[in-house]
Amino acid sequence: MAERSRPRFHHISSAVVSALPAQVEAVLARIAELPETEIHRVENGKIVIVLEGSSTGVIGDRLAAISLIDGVLSANMVFEQIEDLETLDDPGVIP
């Protein structure tokens, strides 16, 4: 049986979610249930989140799921950083 290779890269993205003001609390509760997703700021119906995952596709799928939550007007990725796990903790590698 082939051994599963561990992921080489780790993706970290930020996004802004716009929600209807009357439904912000419900949207926050749904986002909080998602794996590897953190809420960092909420102001005037805008929600800043950070998503992590093994690929851009994993993060994109999660962002698409967020956009389908009742009360969400939009969910847009703002930034993505990709870390090479093989060199992340290597003191000899300068990022």
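Arg41 is exposed, at 51% relative accessibility. The cut-off for that class is over 50%. Its salt-bridge partner is Glu43, with N and O 2.5 Å apart. Glu43 is partly exposed, with a relative accessible area of 39%. All of this is read from a predicted model.

How many salt bridges does the count come to? The count comes to two. The other pair is Arg8 with Asp84, where the closest N and O atoms are 2.8 Å apart. This pair links distant parts of the chain. Arg8 lies in the segment before S1, Asp84 in strand S4, and 76 residues separate them. Arg8 is partly exposed, with a relative accessible area of 41%. Asp84 counts as buried, because its relative accessibility is 17% and the limit for buried is under 20%.

| Residue | Relative accessible area | Class |
|---|---|---|
| Arg8 | 41% | partly exposed |
| Asp84 | 17% | buried |
| Glu43 | 39% | partly exposed |
| Arg41 | 51% | exposed |

**Fold**

The chain holds two helices and four strands. Their order along the sequence is β-α-β-β-α-β. Of the contacts with a separation of 6 or more, 68% join residues 24 or more positions apart. Buried residues make up 28% of the 95 residues. The chain exposes about 6,500 Å², and carbon and sulfur atoms supply 55% of that area.

**Helix H1**

H1 covers residues 24-32. Its buried residues are Val24, Val27, Leu28 and Ile31. Seen down the axis of H1, they fall within an arc of 100°, so they line one face of the helix. An α-helix has 3.6 residues a turn, so residues three or four places apart point the same way. What covers the buried residues of H1 includes strands S1 (9-19), S2 (37-43), S3 (46-53) and S4 (72-84), along with helix H2 (56-67).

**Helix H2**

H2 has twelve residues. From first C-alpha to last, H2 reaches 16 Å, close to the 16 Å expected at 1.5 Å a residue. Which residues of H2 are buried? They are Ile59, Arg62, Leu63 and Ile66. These residues cover an arc of only 100° around the axis, which puts them on the same side of H2. What do the buried residues of H2 pack against? Their partners are H1 and the strands S1, S2, S3 and S4.

Conventions:
Residues numbered from 1 in each chain as written. Predicted model: local features only at pLDDT ≥ 70, side-chain atom pairs only at ≥ 80, totals over all residues. Heavy atoms only, no water. Buried < 20%, exposed > 50% of the residue type's maximum accessible area, 1.4 Å probe, protein only. Contact = heavy atoms within 4.5 Å. Areas by Shrake-Rupley, 256 points an atom, 1.4 Å probe, with all protein chains shown as cover. Arc of directions from axis to C-beta. Expected span 1.5 Å × (residues − 1). Salt bridge = Lys/Arg side-chain N within 4 Å of Asp/Glu carboxyl O.
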